[in-house]
Amino acid sequence: MLVIEGKAKILVENAFYNPRMRFCRDLDMLVFSTIGKHEILDALSATGVRGIRAILEAGCEVKFNDADPKAVETIKKNLRLNEIEAEVFCSDASLLMRVKKFEHIDLDPFGSPGNFIESACVHAKLLSVTATDLEALCCKSSAGIRKYSAFVTKTDVPHEIGLRVLIGFIARTALRFDKAIYPLVAWVKEHYYRVHLRLKRSNSETTKTIEKLGYIAFCRSCFAKKILKFGECVEFCRCGKKMQIIGPLWIGELKDSEFVGKMISKAEGKHREFLLKIREEVEYPLAYSLPKICSVLSRSVPPTMEVVEKLRSRGFIASPAHYCGYCVKTDADLENIVDIIST
């Protein structure tokens with residue numbers, strides 16, 4: 001079967017192709033073109049659709065890899081179909097990333113990217129990662145510990161936690177190679193998380209990365225939250241219940257606003273609208289679900305922007321979350337949110 005996606009023509013025989021990820025790949029093209037012409041390893045290529053689009057739409061030099069010989073044959077067919085010449089490997093991705101140097105590595109696995117992150121951090125200066133194992137990142141403690149060495153539990157805003165656990169895992173892995181990380185843009189959409197980051201080898205900058213790692217204390221009873229740095233602790237919530245400590249995770253920024261602004265200047269329609277939400281989202285690691293809080297208070301749910309504006313009028317930073325129309329990101333504590341809802 002032949003599929004047209006962006007400027008690419010793709011045969012999808014003998015290789016996995018997910019049409020639901022087209023929106024993600026559309027945004028990826030904006031990321032790649034904003035970075036500028038550079039070399040990318042499409043480490044888990046499948047049909048090669050992302051890499052082929054990167055060549056045709058972002059002017060990148062792309063090298064392809066898949067461990068499945070049938071997928072490799074499909075990639076070669078698709079390259080010929082699009083009149084492209086490119087190097088194609090048939091290798092274990094983890095091994096390939098260690099023995100060869102690539103400026104930018106793109107990881108889009110089926111499920112967890114965890115097993116590939118260490119190898120990707122060895123040489124890469126840019127890293128793009130997709131994760132679809134959301135339960136391991138934000139809900140199931142045993143899976144979170146196995147795959148990401150982090151304790152997770154389901155909160156009222158699971159995707160804020162999941163995205164930060166993923167970035168935190170990448171950061172902790174990069175630190176082992178004396179590399180700091182700098183998120184360019186990260187988002188949650190449907191069934192996946194997607195992050196794009198710069199990596200830089202620097203002893204002084206790794207200290208700053210360490211300072212952006214920590215934990216979030218969470219009260220399952222009232223949904224209160226508190227940021228904890230390494231070495232800090234808390235046991236009880238103000239409501240008297242014990243708090244659960246989630247992490248370690250990333251408590252730093254999720255984007256480079258200037259970079260996202262450049263993406264927006266190239267974007268149109270729904271892609272532009274989505275990126276505007278990301279740019280306008282405040283850089284604070286705590287978010288709250290208004291319906292969950294209102295269920296505890298037995299109150300009707302107020303409009304999200306009404307709560308945001310009232311928080312801002314009190315001197316707090318606040319915004320809607322890009323992944324949830326009824327979630328608020330803010331540096332206000334739960335008591336202020338409850339007071340606004342209750343008055």
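Q: What radius of gyration does the protein chain have, and what would a compact globule with 343 residues have?
A: Keep in mind that this is a predicted model. A compact globule of 343 residues would come out near 20 Å. The chain agrees with that, because its own radius of gyration is 21 Å.

Q: What does the C-alpha trace span along the principal axes of the protein chain?
A: Here we're going by the C-alpha trace of the protein chain, laid out along its principal axes. The span is about 65 × 40 × 35 Å.

Q: How many helices and strands does the protein chain have?
A: Both kinds of element turn up in the secondary structure of this chain. The tally is 14 helices and 15 strands.

Q: What percentage of the residues in the protein chain count as buried?
A: To count as buried, a residue needs under 20% relative accessible area. Run that over the 343 residues of the chain and you get 57%.

Q: Of the contacts with a separation of 6 or more, what share comes from residues 24 or more positions apart?
A: Start with the contacts in the protein chain whose separation is 6 or more. Residues 24 or more positions apart account for 61%.

Q: In what sense do strands β10 and β11 pair, and over how many bridges?
A: β10 covers residues 213-218, and β11 covers residues 225-229. Their pairing is antiparallel, over 5 bridges.

Q: Which residue takes a positive phi in the hairpin of β10 and β11?
A: This hairpin has 6 residues between the strands. The positive phi is near 75°, and it belongs to phenylalanine 223.

Note on methods:
Residues are numbered from 1 along each chain as its sequence is written. This is a predicted model: local features need pLDDT of at least 70, side-chain atom pairs count only at pLDDT 80 or more; totals for chains, interfaces and linings use all residues. Side-chain values use heavy atoms; hydrogens and water are left out. Helices (H or I, at least four residues) and strands (E, at least two) are DSSP runs, numbered from the N terminus. The radius of gyration is taken over C-alpha atoms; the globule rule is 2.2 Å times the number of residues to the power 0.38. Buried means under 20% relative accessible area, exposed over 50%, partly exposed in between (1.4 Å probe, protein chains only). Contact means heavy atoms within 4.5 Å. Two strands pair if DSSP finds at least two bridges between them.
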